[in-house]
Amino acid sequence: CVLWRCVIKDYLCHLPVASLFQCNSPNFLISQQTDLNSFLWTIKRDPPSYFYGTIHVPYTRVWDFIPENSKQAFQESNIVYFELDLTDPYTISALTSCQLLPQGKNLQDVLPRDIYRRLKRHLEYVKLMMPSWMTPDQRGKGLYADYLFNAIAGNWERKRPVWVMLMVNSLTEADIKTRGVPVLDLYLAQEAERMKKRTGAVEKVEEQCHPLNGLNFSQVIFALNQTLLQQESLRAGSLQVPYTTEDLIRHYNCGDLNSIIFNHDTSQVPNFNNVTLPPSEQVTAQEIDSYFRQELIYKRNERMGKRVKALLEEHPDKSFFFAFGAG
């Protein structure tokens, strides 16, 4: 965490002060939006096709900063493809079942007693805090804290430890405040459906899910323990998050593809490399980081690239819009 903070602080300190704020100001939006680097790439053919880099945050936080050329490319395309089809009920149910422990087991059966107790204590804390974390806007839309907690963590005792680790990592005040508004990917999928465009997905649920289930047990326990340690330190006020969703949004709205931040957004996995870890644990952290990088970035890029190429060759007369995570 210290390393992440230093890298980002170093990066931000070398930006002109004005540029840290101007991308989120209304005047900047009006006068300079057309000058922004967008996350749109054109595949030059007739008709053209497009790659667009999305971000896993509520679309309302970024929509006004997305340049018109990107919105126009989306509107003019015949077919829109995503990583997964998030509007398909099968996708959602397959993602849910992939996260469950096999043979009806519970977390209490598989986790070391100390980690299980700490996990239970942390989730009780989150449930207690959730009403105060929620915004008036969320309440105005009829979202209640108990409902939201159950929607996110209701079945936690039946989940595999790696998915509980990801759940804990996202159960923060900042994350809770964003619930209830579709993330950009989902919003684009809903818009494509509304506009009666043909849609599809280049990945199967299993391809996104199985790599996470592929970590060995000792690696998963290490990752869950590190995540709990981080959350416990945040609760105690002895740790600050090295970067936040706000940082991610600001970089995106400024058209800045910073790999440190966006790789995290793509994989949805916390980074466990920490300079304060003892050498043996640093090795484990590096193995996990390397495994996720290989499985969730490099192998996925290659697999998705091949499928994109096949689609373009199969439909030479169609204009595609591929919306994938910017990282």
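## A loop residue with positive phi

Let's start in the loop between helix 5 (89-98) and helix 6 (107-110), where Gln103 is found. In this predicted model, the phi angle of Gln103 is near 55 degrees, a positive value in a residue other than glycine. For background, most residues other than glycine have a negative phi, and most peptide bonds are trans.

## A cis bond between two strands

Asp46 and Pro47 are joined by a cis peptide bond, with omega at about 0 degrees. To find the spot, go to the loop between strand 1 and strand 2, where Pro47 lies.

What is the order of the strands?

You can follow the pairing of strand 1 with strand 2 (residues 49-54) in your viewer: the two run antiparallel and are joined by four bridges. Trp41 stands opposite Phe51 in strand 2, which makes a handy landmark.

## Charges along helix 7

Now turn to helix 7 (residues 113-133), which supplies three residues, the largest share of the positive patch. Which residues gather in this patch of positive charge on the surface? They are Arg113, Arg117, Arg121 and Arg235. Of these, Arg117 is found in helix 7.

Side chains of opposite charge can pair when their charged atoms come close. Arg118 forms a salt bridge with Asp114, and their closest N and O atoms are 3.7 Å apart. Why are these two separated by about one helical turn? Arg118 and Asp114 are four residues apart in helix 7, and that spacing is the reason. In total, the structure holds 17 salt bridges.

Note on methods. Residues numbered from 1 in each chain as written. Predicted model: local features only at pLDDT ≥ 70, side-chain atom pairs only at ≥ 80, totals over all residues. Heavy atoms only, no water. Patch = residues over 30% accessible without salt bridge, like charges linked within 9 Å, V, L, I, M, F, W, Y side chains within 5 Å. Areas by Shrake-Rupley, 256 points an atom, 1.4 Å probe, with all protein chains shown as cover. Salt bridge = Lys/Arg side-chain N within 4 Å of Asp/Glu carboxyl O. Lys, Arg positive; Asp, Glu negative; His and termini not counted. Charge placed at Lys NZ, Arg CZ, Asp CG, Glu CD. Pairing = 2+ DSSP bridges.
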